[in-house]
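Visitor: I would like to go through this structure and ask on what grounds its parts get their labels.
Guide: Go ahead, and each label will be set against its rule.

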There are 2 protein chains.
Amino acid sequence: MTQNGSIKIGVIGGGQLARMMVPPAIHLGLRISVLAESEGASAERAADVVGDYRDAETVYAFAETVDVITFDHEHVPQSILHELVSRGVAVHPRPDALQYAQDKIVMREKLAELGVPIPDWTAAADETDLQAFLDAHGGRAVVKTARGGYDGKGVRVISDAAEVRDWFTALAEDGNGGSLLVEELVDFVRELSQLVARRPSGETCTWPVVETIQRDGVCAEVLAPAPTDRAEVLERAAGIGAIVAEGVDVTGVLAVEMFETRDGRVLVNELAMRPHNSGHFSIEGSVTSQFEQHLRAVADLPLGDTSMTAPAAVMVNVLGGPAEGPMPVRYAEALAAHPRAKFHSYDKQPRPGRKVGHVTVTGEQLDVVRAEAIAAAQHFE
Amino acid sequence: MTQNGSIKIGVIGGGQLARMMVPPAIHLGLRISVLAESEGASAERAADVVGDYRDAETVYAFAETVDVITFDHEHVPQSILHELVSRGVAVHPRPDALQYAQDKIVMREKLAELGVPIPDWTAAADETDLQAFLDAHGGRAVVKTARGGYDGKGVRVISDAAEVRDWFTALAEDGNGGSLLVEELVDFVRELSQLVARRPSGETCTWPVVETIQRDGVCAEVLAPAPTDRAEVLERAAGIGAIVAEGVDVTGVLAVEMFETRDGRVLVNELAMRPHNSGHFSIEGSVTSQFEQHLRAVADLPLGDTSMTAPAAVMVNVLGGPAEGPMPVRYAEALAAHPRAKFHSYDKQPRPGRKVGHVTVTGEQLDVVRAEAIAAAQHFE
């Protein structure tokens, strides 16, 4: 607790997720402090400390200045996380939960144990294992590195085991051994995401299931709630989200990304144990945003209402192009053309394909709202 | 402009208004910097500079670090403001507009010139002037110091000129002379407020007229939009707001506080040239909040839509009591009991009657929303 009785939340990682935790911290009057990787990070405003999250002493010193530790990303080593816990630091999500977001093979093992539907998979230690899986699944598969992938990085669709020889070589050279995750190529009609927030006490809260639209492996749009004429599919997705949140004992916000298959099945694809791109719509679209809820959850405060503020909300990501300035240099035209759109700039230098911001529009009709959000985001592309 | 092309807004004053400008600055990716009076100010997070706004060199040095200067309060001396303008600094609102919020007598003269309805008034230089006004207005009047009053401070209802002898004495000792503002005691049924935002280019935008409920001279509740069975009264109030905004050439957000009299007249009471307590509802209740709009306006960016996000929004202020901690110490019970309420803590040490935060609830029905907001705020009283 700070001198005035406020709870101080420490966030490891200075990206846009940490950045977007700052506004609700200001409104609620919770103190927030960020351990950023570098000067000029997206969450610079709250970045009291700049240092390497892989350096144990840097993290321990940061933890001594706050009441609870949480994360902008999942990359803090387990050894550091466990040492924090053994020193009595409140860490949310806890290391035993966070491991499922750190290692995709550990995640698949856990999901299988929980009995939720997932794509056929195996952990392939070498090309022989991988070729056997390919042969049994029509000659094609998705291969993922177990650690470190995001936004389509570390994911390849292959039809020959040799196509990931470089990854096997890297694993062998790494000296720790390890395997690649191999999954069947799912024939999905769309992707869904269920956001769940959970307090250490167990109180759980969900938002409506949303549809996520990816392009080139990167989230492009989120439609909230997911439009459907099969409500039963969304109920199933919500049920899976609840089982996973409870099963992995998450604290904070969890995103469960899922496939809806052509034959009406719902399969879990990925987990993220933090606020997630599929929940950015909630800043304007929900009574309580995922960022406010994450702060409440990790501070073990009662969770807020997650009803929609309007029948429809659509979020469209803004990706950096080859030679653009940051979003505000286009504001004169973009804001004038779209007075109802809410613009979010992460204050990042644009690079091709890099998420530099997003736009959200809320309203009565999904198709109208979506067209507006897409048009507003196009000013920056 | 900063290195990455963002606009940097400098706010003089570190109170809750500056504090609440920070979240929309983060979302829009505009840089914000605050010149605060002291360490531990409400807007501490963005307070890069601590210093005295009455010290010219402090203000000039601060202005050199930003693209535009705006304000959390109206107390910066005119001499400093004019020097900033002569040095080429963008100052919004401009000094010539800000004077109307700095001196209530200058404001009354301007309102009279604009022809908008105001209470009968005079500038009383001494007790003789004041007694003459009292005699002509049924023996009672409201007396206000021309400068420095807020939240009921510097306002007295009197029936004898001797009741403000101390104020006349202080004015005489001040050496600058000056008068007290005297006004008829208006028989009003309620108070209304019209928020207006205006860009340097002249683009103007208004929110729905709201009803403000005062207790002990301090704003207690705001009902948005103002409930009425006389839409014509609200139209008149909106029209007055538009005339005033244009007439005083304001840039940024202006609040026009008005009385609705028993006989259906609308009279202007006060002006505030900054985001205002009567607009806090807009954080959740409007597509574009007064804080975001103020940033857009002073940065000369296109203004956002000011539609309500729900049919009704009610804001209730939280005032400090004699022996309470800050709002977060009561969050365990308050948040659990009111999951739909949005809590705002200004991170201030509570003192009796001091505004330390507010609660807003939005929804379909005003009476339901209002009851919820009042109940949520009562957890802190």
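Visitor: Which strands does helix H10 of chain B lie across?
Guide: The model is a predicted one. In it, helix H10 (residues 290-298) of chain B lies across E1, E2 and E4 of chain B. Its direction is at about 145 degrees to E4(B).

Visitor: What makes strands E1, E2 and E4 of chain B part of one sheet?
Guide: Five strands of chain B form an open sheet with parallel pairing, in the order E3-E2-E1-E4-E5. Two strands count as paired if at least two bridges are found between them. Strand E2 (residues 31-36) of chain B is joined to E3(B) by two bridges, so this pair meets the rule. Within the pair, Leu35(B) stands opposite Val49(B).

Visitor: Why are strands E3 and E5 of chain B called edge strands?
Guide: Strand E3 (49-50) and strand E5 (90-91) of chain B each pair on one side only. Helix H2 (residues 56-63) of chain B also lies across this sheet, over E1, E2, E3 and E4 of chain B, and runs at about 170 degrees to E2(B).

Visitor: What makes the sheet E6-E9-E7-E8 of chain A antiparallel?
Guide: The label comes from the pairing of its four strands. For instance, E6(A) and strand E9 (residues 180-183) of chain A pair in the antiparallel sense over four bridges; the rule asks for at least two, so they count as a pair. Ala123(A) stands opposite Leu181(A) there. Helix H5 of chain A packs on the sheet, touching E6, E7 and E9 of chain A, at about 50 degrees to E9(A).

Visitor: How do you know that chains A and B touch, and how many residues take part?
Guide: Contact means heavy atoms within 4.5 Å. By that rule, 45 residues of chain B are in contact with 45 residues of chain A. The area buried between the two chains is about 3,900 Å², of which carbon and sulfur atoms give 54%.

Visitor: Why is the link between Lys342(A) and Glu292(B) called a salt bridge?
Guide: The closest N and O atoms of Lys342(A) and Glu292(B) are 3.0 Å apart. The limit is 4 Å, so the pair qualifies. Across the interface of chain B and chain A the rule finds six salt bridges. The elements that give two or more residues to the side of chain B touching chain A include H1, H10 and E17 of chain B. H1(B) gives the most, with eight residues. By class, that side has 23 nonpolar, 12 polar and 10 charged residues.

Visitor: How do you know that Lys104(A) and Glu270(A) form a salt bridge, and what does the pair tie together?
Guide: The closest N and O atoms of Lys104(A) and Glu270(A) are 3.3 Å apart, so this pair also falls within 4 Å. Lys104(A) lies in helix H5 and Glu270(A) in strand E15 of chain A, so the pair ties together parts that are 166 residues apart in sequence. Over all chains, the search finds 56 salt bridges.

Conventions. Residues are numbered from 1 along each chain as its sequence is written. Chains are lettered from A and ligands numbered from 1 in the order in which they are written. This is a predicted model: local features need pLDDT of at least 70, side-chain atom pairs count only at pLDDT 80 or more; totals for chains, interfaces and linings use all residues. Side-chain values use heavy atoms; hydrogens and water are left out. Axes are lines fitted to C-alpha atoms, for helices over the stretch in contact, and angles run from 0 to 180 degrees between N-to-C directions. Buried area is the accessible area (1.4 Å probe) that two parts lose on being put together, summed over both. A salt bridge is a side-chain nitrogen of Lys or Arg within 4 Å of a carboxyl oxygen of Asp or Glu. Ala, Val, Leu, Ile, Met, Phe, Trp, Tyr, Cys and Pro count as nonpolar, Asp, Glu, Lys and Arg as charged, and the others, Gly among them, as polar.
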